[in-house]
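We will go stop by stop.

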Amino acid sequence: MTVEQIFLLYDELTGLQHIAREAEQWGVRVQIVGTIGQCLSLASAAGVQAAFALSCQADKVFLHINRLRVVFPAAGIIVVRRDKMAGMERGHLMLAGADACFDREALPVEVVACVQALRRRGYALRQSVALAEPNCSKQVPTIPQTEPEADASLWELMEDGWTMLTPRGQAVLLTRGERRIVLVLFALSPQTVARDRLFPMEEKGGAQVRSVDVVISRLKRKLWALGEELPIRSVRGQGYAFVGSVPAVCQELARESLRKDGVYD
């Protein structure tokens, strides 16, 4: 599935390194590739966890955009330039197939926010394609299934646990504290988890453990603002439990992320 591939075309390494460090804070790995051929090859075989960055000078940018768009029609393509770009140049690049253009005046966080927005678009496209597929063979009678309704209640994680997907398909970016709490609760759902297990070992203590309540309350407000109710329940005297539907593959993803972090019980 290629609808969620993201490509950065840049002409200056230092600026890209700033973007890569900012992206890492949100769970997005920027992988630098040497040539357009390598870029196409790696992107075809990769999942959706990496954004591919290709060095691209001004005389090649239109050619590279065209090749990427031909192979990955629904991918996200972002041009990042060292020098200031005029409105006419931005317009030409976007008419050629770029989704966004940034120059030296843009903050790294703006580029990362654009990456995340394009990923949400890709996820929405994948979901709409999946929903449309059953209608492609109307000539074959089928018995209505209940699985789609069950799937509509699922809570999922993307981007190594930095993005939570609600049952309505809304992508919620998580802070570091929110992410680690959600990972533990997803991994053990629907079990009740004691507060002191929701923080890494070296951070345990009265103030940190009490702040779990603050982080969860803040996350619930964030979901409430989107019109969603976060199914984290407080169990008096015991801790918290995630009582929403979490697919088995998502639970394993959460466990793997916790093992990789290496700071949990």
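How many nonpolar, polar and charged residues does the lining of the second largest cavity have? It has 7 nonpolar, no polar and no charged residues. Here Ala, Val, Leu, Ile, Met, Phe, Trp, Tyr, Cys and Pro count as nonpolar, Asp, Glu, Lys and Arg as charged, and the others, Gly among them, as polar.

Before you click on, two notes. This is a predicted model, in which local features need pLDDT of at least 70 and side-chain atom pairs count only at pLDDT 80 or more, while totals for chains, interfaces and linings use all residues. Residues are numbered from 1 along each chain as its sequence is written, and side-chain values use heavy atoms, with hydrogens and water left out.

**Stop 1: the second largest cavity**

Select Leu-8, Ile-19, Ala-23, Val-28, Val-30, Val-112 and Val-115. These residues line the second largest cavity. A cavity is a set of points, on a 1 Å grid over the protein atoms alone, where a 1.4 Å probe fits but cannot get out; lining residues have an atom within 4 Å of a point. The volume of this cavity is about 40 Å³. Volume means the space filled by probe spheres set on the points, and grid points are joined across faces, edges and corners. Now colour α1 (13-25) and α5. Each supplies at least two residues of this lining. Helices (H or I, at least four residues) and strands (E, at least two) are DSSP runs, numbered from the N terminus.

**Stop 2: the largest cavity**

The count comes to 2 cavities of 30 Å³ or more. The largest has a volume of about 40 Å³. Select Arg-119, Arg-120, Glu-159, Thr-163 and Ala-171. Of the 10 residues that line this cavity, these are the closest to its centre. Which elements each supply at least two residues of the lining? They are α5 (108-132), β7 (163-165) and β8 (171-173). With 4 residues, α5 gives the most. By class, the lining of the largest cavity has 5 nonpolar, 2 polar and 3 charged residues.

**Stop 3**

Two strands pair if DSSP finds at least two bridges between them. β6 and β7 pair over 3 bridges. Click Met-158: it stands opposite Thr-163 in β7. You selected Thr-163 among the residues closest to the centre of the largest cavity.

**Stop 4: helix α7**

Select residues 176-188, which are helix α7. Angles run from 0 to 180 degrees between N-to-C directions, and axes are lines fitted to C-alpha atoms, for helices over the stretch in contact. Contact means heavy atoms within 4.5 Å.

Next, find Pro-190 in the loop between α7 and β9. A cis peptide bond joins Ser-189 and Pro-190, with omega about 5°.

**Stop 5: the sheet of β9, β11 and β10**

Which strand order does the next open sheet have? The order is β9-β11-β10, with antiparallel pairing. At its edges are β9 (192-193) and β10 (232-235), each pairing on one side only. β9 and β11 pair over 2 bridges. β10 and β11 (residues 239-242) pair over 4 bridges. Now click Tyr-240 in β11. It is the bridge partner of Ser-234, and Val-193 stands opposite Tyr-240 as well. Ile-232 stands opposite Phe-242. Then look at the hairpin of β10 and β11, with 3 residues between the strands. There, Gly-237 takes a positive phi near 75°.

**Stop 6: Arg-69**

Last, select Arg-69 in helix α3 (residues 61-71). Its side chain makes a polar contact with the side chain of Asp-99 (3.1 Å). A polar contact is a pair of N or O atoms within 3.5 Å; within protein, one must be able to donate a hydrogen and the other to accept it, and residues adjacent in sequence count only if both atoms are side-chain atoms. Leaving aside neighbours within four places in sequence, Arg-69 is in contact with Ala-74, Ala-75, Ile-77, Gly-97 and Asp-99.

Conventions: On a 1 Å grid over the protein atoms alone, a cavity is a set of points where a 1.4 Å probe fits but cannot get out, and a pocket is an open set with protein on both sides within 12 Å along at least five of seven lines; lining residues have an atom within 4 Å of a point.
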